[in-house]
Amino acid sequence: MEAYLTEWLGLIIRWFHVIAGVAWIGASFYFIWLDNHLREPPEWKQAKGIKGDLWAIHGGGFYEVAKYHLGPEQMPRELHWFKWEAYSTWLSGMALLLLVYYLGTPGYLLDPAKADLGAGTGAAIGLASIAAMLGIYELMIRSRLAGNGKLFGALLYALLVFAAWGLFQLFSGRGAFIHIGAMIGTLMVANVFLGIMPSQRALVSAVREGKTPGPEVARLAGLAKLRSTHNNYLTLPVLFIMISNHYPMLYGHPEGWAILAAIGFITAFARHYFNLKHRGIHKPGILVFSAFLTLALVWVLAPDNRNSDAAVERVVATDTEVSGLLRQHCTACHAREPAHPAFQAPPAGIVLEQLADLLAHSARVQQAAVRTHYMPLGNTSGMTEQERTALGGWLDNAGQ
Ligand code: HEC
């Protein structure tokens, strides 16, 4: 019953997290688009302090949008802030991290073959790494580095790659991936909370007091702009990490951290193309290069490129041996009625009670238990490399 209710709780929080994330990133994409499409307004609007306007049609009506250079003469009665989208995405994301990775089956976060950590230590390392990344970022953005956007970006990327490498040595691939996602999400929400909001508050209070915003407001606005640029580049990588838990071929790879680094680079670079394009600068080479890097990654990760040596000396198991392997390593979870306390239903809908079940999921089993060590989850039953190769050999033979 507990596993069943936890499953529902997870579903509801995850659902909410995705909705909040769509609202946050959607609003953020919309405002970036808006900023990049504002045109010089007619003179009568300029006289009111409007520096850009645009017209749009949507949902059966015309919209006239105007952006003020500093602020309107009078504070409007109602002002929309767009901050709860960010906060609620982060809060629900942290709740999911807690529920799935810290309180859920240890196998999601831990991998005894990499490091022998208890659930508590794992959670402490995870949270400490997120806090450390935030601390370093805040120090950087409050230092002179903030004046050098390119160097800042390169350092931030190097830091995240280093964190991915480090966590990959301690956690399961999936656990490491999600922590990099949580780090990026935390930086993004901190950018809203610690930089963008204070700057907006300063601007609003200047307008409210009827003052022209002074140098302090301008300085805060400059920093907020830098933070918002970082968020802009971080959106695509963080979205990738949100869906990456569906792809054991990536995080289950022995060098999963490097794959994450490559994909982070490709997606942020592709974002750069669109940022330039919005400013009227066309550099299709960036997109071509990103596509080329993606193809290179597809090629490098292709299964035949890796286990070719192992394939030569492959031992093929008998049917009885394979049934034994399933019972020993898989059916505690992958049964119609799992004996494992954390599962109410067969995980991923995959039942592995019979050899016929195994054949039905041949490709996914090869991926999850032979090519990568993603399965058995957390490998608490201690499945050996030989057993994996034997299982792979049996599946290869059966497929011919
Ligand atoms: C401790 C429980 C547990 C054990 C033992 C286990 N699995 Fe899994 N398995 C899971 C969970 C949980 C998922 C779903 C993971 C997810 O959501 O990505 C899963 C998913 C899978 C998938 C689907 C992966 C994908 O997304 O393509 C395959 C295939 C699989 N397991 C095969 C196996 C095999 C083969 C064994 C035995 C060698 C095994 N599992 C042992 C818990 C387990």
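Predicted model: local features only at pLDDT ≥ 70, side-chain atom pairs only at ≥ 80, totals over all residues.
According to the UniProt record, an unreviewed entry, residues 3-301 carry the annotation "domain: Urate oxidase N-terminal". Within residues 3-301 the chain is 72% helix and 6% strand.

Strand β1 spans residues 50-58 and strand β2 spans residues 61-68. The two strands pair in the antiparallel sense, and eight bridges connect them. Among the bridged residues, G52 has K67 in β2 as its partner, while I57 is bridged to F62 in β2. Together β1 and β2 form a hairpin, with two residues between the strands. In the turn, G59 has a positive phi of about 55°. As a general point, side chains in a regular strand alternate between the two faces of the sheet.

Like G59, whose phi is positive at about 55°, F82 has a positive phi of about 55°, although F82 is not a glycine.

Attention may now turn to the helices. Helix α5 covers residues 149-170 and helix α9 covers residues 256-278. Their axes come within 8 Å and cross at roughly 155°. Because angles over 145 degrees count as roughly antiparallel, α5 is described as roughly antiparallel to α9. The crossing of these two helices is right-handed.

Which residues in α5 and α9 meet? On the α5 side they are Y157, V161, A164, W165 and F168. On the α9 side they are G256, W257, L260, A261, A262 and F265. By residue class, the contact of α5 with α9 comprises 10 nonpolar residues, one polar residue and no charged residue. The polar count follows from the classification used, because Gly is placed among the polar residues, and G256 belongs to the α9 side of the contact.

M375 and P376 are joined by a cis peptide bond, with omega of about -10°. P376 lies in the loop between helix α15, residues 362-371, and helix α16, residues 385-398.

Definitions and conventions:
Residues numbered from 1 in each chain as written. Heavy atoms only, no water. UniProt positions renumbered as here; feature names shortened; annotations may be inferred. Helix = DSSP H or I, 4+ residues; strand = E, 2+ residues; numbered from the N terminus. Axes fitted to C-alpha atoms, helices over the stretch in contact; angles between N-to-C directions. Parallel < 35°, antiparallel > 145°, perpendicular 65-115°, else oblique. Left-handed = near helix turned anticlockwise from the far one by under 90°. Contact = heavy atoms within 4.5 Å. Pairing = 2+ DSSP bridges.
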